[in-house]
Structure formats: C-alpha cells, structure tokens
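Reader: I have a model open on my screen and would like to go through it with you, one point at a time.

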Amino acid sequence: YEFVGTILDYQMKVLARQVYTDPVSFASFMGQFGIGCNLSTLLFSLLGTSYIMKRFGLTFCIVLFPVCVGVVIFVVYIYASMWVFFGGVITIKCFTYALNNPAKEIMYIPTSKDVKFKTKSWIDMFGSRSMKALGSTVNNTFNESSQALLTYGTGISLIVVVVWVFVAIFVGRKFESLTANNQIIGN
C-alpha cells in the first residue's frame, strides 16, 4: 500500500496544485484532506473494523484491502479528477489505518517475541520506506506528463495489486493453519 499510496497521493497533489495555485488555498485543501482521512478512519474504526474482522475473518480482511486498493486505482484512472483522487486517497488511507493495520497486527499472534520484533522492525523500517521510495521513483520517472504518470502509474500499481492479492491469500491461509494448529513461528 505504501507503493501505490505514494503514487496516488502524488497524483492528487499534482492535480490540486493546478487548481489551488497559491500556498494558502493549497494548504486549506490539504487540511480538508487531513480531516477527511482522520474522520473516515475514526468512523470506520468505530463502526466497521471489528464487525468485518469477526464476521469474515482475517484472510478476508487482508485480501479485501488490496482488492479495494485495486478498485480505487481503477476508478481514479477512469474518472481522473482532483476530487476523485481526493476520495480515492482518503479511502486507501482509511482502509490502511482502520482495516489493514489491525489485521497486520493480528498476524503477529502466531510468532515468538523475537520473530515479531525482527519482522515488525523490518516491515516498518525497510519494507515501508523502500516501497515509498519505489513509488517516488515511478512518480519521478513520469512527472513530466500528468497523463503519462496516470497511465504508467496506474498500470504499475495494478500489477503490484495483483501480486499483492495472491500474497495476501497465501499469508492468510498460512495464518489460519498456524492458529488452527496452535503453532508459533520462532519457537
């Protein structure tokens, strides 16, 4: 999500800079964006996260997230406008914080403290930052043309999402197997 989110966030900001040319109006737009992210995440966390996890299970949740990201990518590509990007990036950030992060934390349950510490550190530091850097590389490569960025950024993001869905299915099934057999990774 860091890779795709970096690309979409940049595309939204490029479009917003074209509309809000002075720093004050752009800052106001970004303030609205922050409020939208925080409010939607709060509401989803209070009303949806627990219900979806209990009702459908962890595997569903970790597969639902990349599927939703893929839908957002497709929608912003078809209806490319600043406000569609605005809603799309808010949606991704909302699902990141209210669905993906809790699901990700639950996946650490069948691990030893040592494995959890090392894995979490690697994901949070190296994995996350590497994906942001790769997303920024895509942005930098195609930043001369917003149409090229939209086309190639969308294509590359959709490829990432397809791979991500298969990885999520594998990881979800592995988690279910480990918890069903009361196995701990790293002991």
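Reader: In which helix is lysine 104 found?

Author: This is a predicted model, and the protein in it has six helices and zero strands. Lysine 104 belongs to the helix that covers residues 82–106, which is H4.

Reader: Which side chain of opposite charge is nearest to lysine 104, and how far away is it?

Author: Lysine 104 is buried and yet has no salt bridge. Leaving aside neighbours within four places in sequence, lysine 104 is in contact with Tyr1 and Asp124. A salt bridge would need a side-chain nitrogen of the lysine within 4 Å of a carboxyl oxygen, whereas the nearest side chain of opposite charge lies 4.2 Å away and is that of aspartate 124.

Reader: Is isoleucine 78 buried, exposed or partly exposed, and why?

Author: Isoleucine 78 lies in helix H3, which covers residues 58–78, and it is a member of a nonpolar surface patch of about 640 Å² that also includes Val67, Phe74 and Tyr79. Buried means under 20% relative accessible area and exposed means over 50%. Because its relative accessible area is 43%, isoleucine 78 counts as partly exposed.

Reader: What radius of gyration does the protein have, and what would a compact globule have?

Author: The C-alpha atoms fill a box of roughly 55 × 35 × 30 Å along the principal axes, and 39% of the 187 residues count as buried. For 187 residues, a compact globule would have a radius of gyration near 16 Å, and the value for the protein, which agrees with this, is 18 Å.

Conventions. Residues numbered from 1 in each chain as written. Predicted model: local features only at pLDDT ≥ 70, side-chain atom pairs only at ≥ 80, totals over all residues. Heavy atoms only, no water. Helix = DSSP H or I, 4+ residues; strand = E, 2+ residues; numbered from the N terminus. Buried < 20%, exposed > 50% of the residue type's maximum accessible area, 1.4 Å probe, protein only. Lys, Arg positive; Asp, Glu negative; His and termini not counted. Contact = heavy atoms within 4.5 Å. Patch = residues over 30% accessible without salt bridge, like charges linked within 9 Å, V, L, I, M, F, W, Y side chains within 5 Å. Areas by Shrake-Rupley, 256 points an atom, 1.4 Å probe, with all protein chains shown as cover. Rg over C-alpha atoms; globule rule 2.2 N^0.38 Å.
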